[in-house]
Structures are given as C-alpha cells and as structure tokens.
Amino acid sequence: MYDMHNHTNHSHDAQSDIFELCEKACEKGLLGIAITDHCDNEFCGWMDVIRPIRDSVAAVYEARERYQGRLKICSGVEIGEGIWFPDSAKKVLAAEEYDVVLGSVHAVRYPNFTIPYAQLNFSKFTRQQLEEFMDIYFDDMLEMIQNMDFDILTHLTCPLRYITGKYGIEMSLKPYREKIDRIFREIIDRSIAFEVNTASLGTNYNVLVPEVEFIRRYHELGGKLITVGSDSHMVCNVGKGFDFTRNTLKEIGFEHGYWYEKRKPMAYKL
Ligand SMILES: [Zn+2]
Ligand SMILES: [Zn+2]
C-alpha cells in the first residue's frame, strides 16, 4: 500500500528524519509514501510558510535517489486554512511541482475559537458550543472543497480526535449527516480523493477517521477514490494500522486504493 500522508522535521510538530521514515516504510513493506509537511496559511502574515515546504520537497528529491527501485516517494504538501488566505495558498501551490496536495481544516472560523483546534480546551465548551463548532467545521470544509485546488480531503471529523479522544466527550455526528453527504457529493463531482486516516488507531480514540460508517456512506454514494494516510509525525507510525484498514476497505467493497504522481491518481489493488 501507499501511505499518502506523512510529516517530517519540516513540519512544526514533527521530528521525523526523511531517510529514517523511508527506511521504516520499506521495513513495513509499503510500496510508497507521500511527504506532506504542514503549510498552515493562518500563519502566513508573520512567518514564511513556503520555505519549509521548499526544503521538504528538496529532501524528497534527495531521498528519491537513495531509494530508487525500493520505494516511491511522492512530493507533497498539506495546506491548512487555504480559504482564509487564498493568495497565500496559490503561492504555495505555484512554489513547487507536487505529486500530491492535501486539503485540511485545522482551525475553524468559530468566533473567539479560531486557533488550531488541537490547542482548544474543549472541556470548557458547552454542548451548544461543541455543536456550533462542528457545524462550522463542516461549513469551512465545504467552502474549501468548492474554492481550493487540492487532491485529497484529509481526516474528515478530525476535531473528534480532541473532543472525544483527548477530553472524553462523546458526540453524535447524526445531526451532520446531510452536511457530510454534501461534502461527499462535492468531492466525488470534483474528483477529489477521500482520505482514510489511521492516526487515531491505538489511541484513546481508537477508530479510523472518519469512522467506518462514513467510509461506507462514501462508497454508497459512488465514491471510489480512496487514499490511506497514517498522518505520521513519528517514524514508527508510518503505515500504522494499514492491514486493518485494507481489510475494512475490502469488506466495504473498495477494490483499489490510490497514490498520486504529478497530481494524477494512480490505482493499486487493495
Ligand atoms: Zn492535518
Ligand atoms: Zn497531517
């Protein structure tokens, strides 16, 4: 399989050395990986968000030479909050020739709580605030899908990693089913791939992101373009839970997973 979502030491919150990451990916029998370091556009006003991505892509070219014939290494970027500063997102896109571009929502335009949700203290939220927060999260995501140029929609329902995983607050996604359906229809129409994110497996929030019922729903609506990403921030997590994920996807009815080269999806058999 291909792990289409990995961070290295060019992301602010990861330490992985790209060569160690590639070595581990080979050990785990992966066919390829994508290096998708963070470019969070909300910070574009006071820091250079493009420099780390240029360095990340340069590291990919170096690693490619060393791992030729052993591992495909895709150059990429994970663009967060692209819709907040569209010009900044366009500059990032133009800065390099990527194999793959991930589109992510890491911060939500919920008044007074617009910092990245990984840093929010959800235990202080009322139930109503939690519900409003999730509602706007899905709206922001839909707006990103409709307005931004990217290939893979990442970790749908990711705030639950924190709301449920970190703070132990249960949240039903039933009220958002229609919005999620709309998101699925939009990505299918626009040939944007849907990521199954394995980062939460083995943690307090021990599920695929999004949960299996939503992956099944994407399939029901005709979605085929699936990618799997560990979202690794540590070398040991590359390819995490991929056997389980492959079995789950096959059981749902998917026959292929996808990787990307020069921003074109390429199928592999699950
Ligand atoms: Zn992310
Ligand atoms: Zn990520």
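Colleague: What makes strand 1 and strand 2 (residues 32–40) a pair?

Modeller: In this predicted model, strand 1 and strand 2 are joined in the parallel sense over two bridges. Pairing requires at least two bridges, so the two strands count as paired. Tyr2 stands opposite Gly32 in strand 2.

Colleague: In what order do the seven strands of the open sheet lie?

Modeller: The order is 1-2-3-4-5-6-7, with parallel pairing. Strand 1 (2–3) and strand 7 (226–229) are at the edges, because each has a single partner strand and one side without a neighbour in the sheet.

Colleague: How do you know that the span of helix 4 (residues 127–147) is close to the expected one?

Modeller: Helix 4 has 21 residues and reaches 30 Å from its first C-alpha to its last, against the 30 Å expected at 1.5 Å a residue.

Colleague: Which residues of helix 4 are called buried?

Modeller: They are Met134, Tyr137, Phe138, Met141, Met144 and Ile145. The term applies because 20 or more other C-beta atoms lie within 10 Å of the C-beta atom of a buried residue. These residues cover an arc of only 120 degrees around the axis, which puts them on the same side of helix 4. They pack against strand 4 (100–104), strand 5 (152–153), helix 5 (159–166) and helix 6 (177–189). The face turned away from the buried side carries the exposed residues Gln128, Gln146 and Asn147.

Colleague: How many bridges pair strand 8 (residues 256–261) with strand 9 (residues 264–269)?

Modeller: Six bridges pair them in the antiparallel sense, and at least two are required, so strand 8 and strand 9 count as paired. The bridge partner of Tyr260 in strand 9 is Pro265. The two strands form a hairpin with two residues between them, and Lys262 in the turn has a positive phi of about 50 degrees.

Terms used: Residues are numbered from 1 along each chain as its sequence is written. Chains are lettered from A and ligands numbered from 1 in the order in which they are written. This is a predicted model: local features need pLDDT of at least 70, side-chain atom pairs count only at pLDDT 80 or more; totals for chains, interfaces and linings use all residues. Helices (H or I, at least four residues) and strands (E, at least two) are DSSP runs, numbered from the N terminus. The expected span of a helix is 1.5 Å times one less than its number of residues. A residue is buried if 20 or more other C-beta atoms lie within 10 Å of its own, exposed if 12 or fewer, and partly exposed in between; C-beta atoms are placed from the backbone. The arc is that of the directions from the helix axis to the C-beta atoms. Two residues are in contact if their C-beta atoms, placed from the backbone, lie within 7 Å.
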